[in-house]
Amino acid sequence: MIGMTVGTRFQIVARIGDGWLFTVYRARDQLTGQTVVVKVVRPTFAVQRSFVEGLFRAVDRHMHYAHPALVRYLASGEAVTESERFPFIVCELVAGHNLESMLQRRLPLSLRQALELFVEIADGVGYLHQQGAVHGDWRPHNILVTPRGE
């Protein structure tokens, strides 16, 4: 995948890691010059058309949301090679770490920092619910914390 361009403009430059659903890559948006994240659906799920179509519908809805506590989604689609299809989604790259790794390194958080994070998370979840959306996978691994603690 390194060096491949997906969605006509996102050139994959490095692998970030693997999750249970996606292999995650750092990419360069050739239109804007931004560094972004490309999440490629793992093969086990990529062959399930109804799952992929549902994922694309969710990403399409999410692209219209604007909230400081939510990652912005930029695109979704399928990259096609001679032998395979790679469903992918593209989102902004957030500098920082996930809450899980932060908690493993810095326990305990101060009460003030814990409450500030909780309020920001609750605000993001509340915004999603106002939009009629449900995230469905809120856990410390999926919550990103910037170097400023936001």
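The structure is a predicted model, so local features need pLDDT of at least 70 and side-chain atom pairs pLDDT 80 or more, while totals for chains, interfaces and linings use all residues. Numbering runs from 1 along each chain as its sequence is written, and side-chain values use heavy atoms, with hydrogens and water left out.

D29 sits in strand β3, residues 22-29 (helices, H or I, of at least four residues and strands, E, of at least two are DSSP runs numbered from the N terminus). With a relative accessible area of 0%, D29 is buried (buried is under 20%, exposed over 50%, partly exposed in between; 1.4 Å probe, protein chains only). Setting aside neighbours within four places in sequence, D29 touches R9, F10, Q34 and V36, contact being heavy atoms within 4.5 Å.

T8 belongs to the loop between β1 (5-6) and β2 (10-18). T8 is exposed, at 77% relative accessible area. As for its backbone, T8 has a positive phi of about 65° despite not being a glycine.

Further along, β5 (residues 73-80) and β6 (residues 85-92) pair in the antiparallel sense over seven bridges; pairing takes at least two DSSP bridges between two strands. G77 has F88 of β6 as its bridge partner, and a hairpin of four residues joins β5 to β6.
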